Amino acid sequence: MQTLEIRLLNVFDEIYKTRSVTRAADNLGLGQPAVSIALAKLREHFGDPLFVRTSAGMEPTPLGEELVRPVRAAIDALGAAFGYRNAFEPATAERTFRICMTDISQLVLLPSLWAHLREAAPGVRIDIAHLSAETARQLESGEADLALGFMPQLEAGFYQQSLFRQNYVCLASMDHPRIGEVLTLADFEREEHAVVSSSGTGHLIVDKELARQGINRRVALRVPNFLGVSFVVEHTDMLVTIPLRLGQVLAGRGRFRIFPVPFELPDYAVKQHWHERYHHDPGNRWLRGVISALLAGLPPA
């Protein structure tokens with residue numbers, strides 16, 4: 001198969017993953033006109049538009065959807081046969097990695113990851129997606145390279161690596177009128193709480209332990225993520241129970257105090273997950289090593 005034909009398959013795959021000609025061009029390191037020309041050749045070959053422009057992006061036609069599996073099988077087979085992407089040199093690589101992660105992981109990991117990439121891999125770009133019910137499918141299809149968080153649902157059928165153990169702390173305003181130097185269980189049950197329900201975190205562990213231990217939590221506010229929750233707590237009398245790593249990031253950045261949770265809570269493992277299709281991919285292996293080292297406080301290789 002000629003190089004041109006391999007590029008056509010990769011163009012098809014990137015447009016399917018990104019739903020965008022522009023983003024596909026960026027990810028492939030090509031100009032947008034080159035990707036448009038490649039798409040035109042694909043359309044001519046198959047006698048079908050393959051992708052149509054909608055408000056949600058370039059959506060595949062029925063034939064386009066049908067071609068995804070054979071196109072990816074062909075790309076994988078060619079990679080195995082000809083050593084395509086058989087080596088990864090961070091200093092010269094031009095590649096985009098898509099990582100599914102929680103907003104906590106974004107706050108904890110992204111600053112150090114970005115600083116490392118600028119030094120070690122200036123041509124590498126990161127595309128962040130939220131953890132969701134689609135994460136398993138995105139890993140399996142190749143739309144995402146990695147997923148970070150607490151995801152027991154991904155532990156079967158995916159590779160995984162534990163990054164660190166996580167537990168919880170409570171956050172209260174520095175000016176809270178009723179909380180003293182120590183947060184007691186009576187304080188916890190008396191005060192109103194903000195609750196974060198975010199995919200890929202251990203918030204269900206807190207709910208289960210509250211029910212098991214018969215502890216009352218007066219929920220006054222529910223929000224979908226942790227971004228901004230410290231601002232809410234800083235300017236109200238509400239409490240919030242948050243992961244320790246997030247508390248460490250927030251420490252000293254606002255008028256609030258961090259307390260131990262006033263009852264026993266089990267910790268849990270935050271892991272990175274990936275699909276078999278990327279298990280031996282040199283670039284994915286390099287990225288996994290960098291993330292593992294950064295979260296362990298070690299210098300990445």
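**Cavities and an open sheet in a predicted model**

A search of the whole structure finds two cavities of 30 Å³ or more. The structure is a predicted model, in which local features need pLDDT of at least 70, side-chain atom pairs count only at pLDDT 80 or more, and totals for chains, interfaces and linings use all residues. Residues are numbered from 1 along each chain as its sequence is written, and side-chain values use heavy atoms, with hydrogens and water left out.

A cavity is a set of points, on a 1 Å grid over the protein atoms alone, where a 1.4 Å probe fits but cannot get out. Its volume is the space filled by probe spheres set on the points, which are joined across faces, edges and corners. The second largest cavity holds about 80 Å³. Its lining (residues with an atom within 4 Å of a point) consists of Tyr168, Ala194, Val195, Val196, His203, Val206, Asp207, Arg217, Val240 and Thr241. Strand S8 (192-196), helix H8 (203-213) and strand S10 (239-243) each give two or more residues to this lining. Helices (H or I, at least four residues) and strands (E, at least two) are DSSP runs, numbered from the N terminus. Six lining residues are nonpolar, two are polar and two are charged. Here Ala, Val, Leu, Ile, Met, Phe, Trp, Tyr, Cys and Pro count as nonpolar, Asp, Glu, Lys and Arg as charged, and the others, Gly among them, as polar.

Five strands form an open sheet of mixed pairing, in the order S4-S3-S5-S12-S6. Strand S4 (124-130) and strand S6 (159-166) each have a single partner strand, so one side of each has no neighbour in the sheet. From one strand to the next, the twist averages 25° (axes are lines fitted to C-alpha atoms, and angles run from 0 to 180 degrees between N-to-C directions).

Two strands pair if DSSP finds at least two bridges between them. S3 and S4 are parallel, over seven bridges. Cys100 stands opposite Ala129 in S4. Seven of the seven residues of strand S3 (residues 95-101) are buried, that is, under 20% relative accessible area with a 1.4 Å probe, protein chains only. Arg95, Phe97, Ile99 and Met101 point one way from S3, while Thr96, Arg98 and Cys100 point the other way.

S5 and strand S12 (residues 268-274) are antiparallel, over three bridges. Ala147 faces His273 in S12. Asp145 lies in the loop between helix H6 (135-141) and strand S5 (146-149). Asp145 counts as buried because its relative accessibility is 5%. Beyond its neighbours within four places in sequence, Asp145 has contacts (heavy atoms within 4.5 Å) that include Arg95, Phe97, His273 and Trp274.

Methods:
On a 1 Å grid over the protein atoms alone, a cavity is a set of points where a 1.4 Å probe fits but cannot get out, and a pocket is an open set with protein on both sides within 12 Å along at least five of seven lines; lining residues have an atom within 4 Å of a point. Buried means under 20% relative accessible area, exposed over 50%, partly exposed in between (1.4 Å probe, protein chains only).
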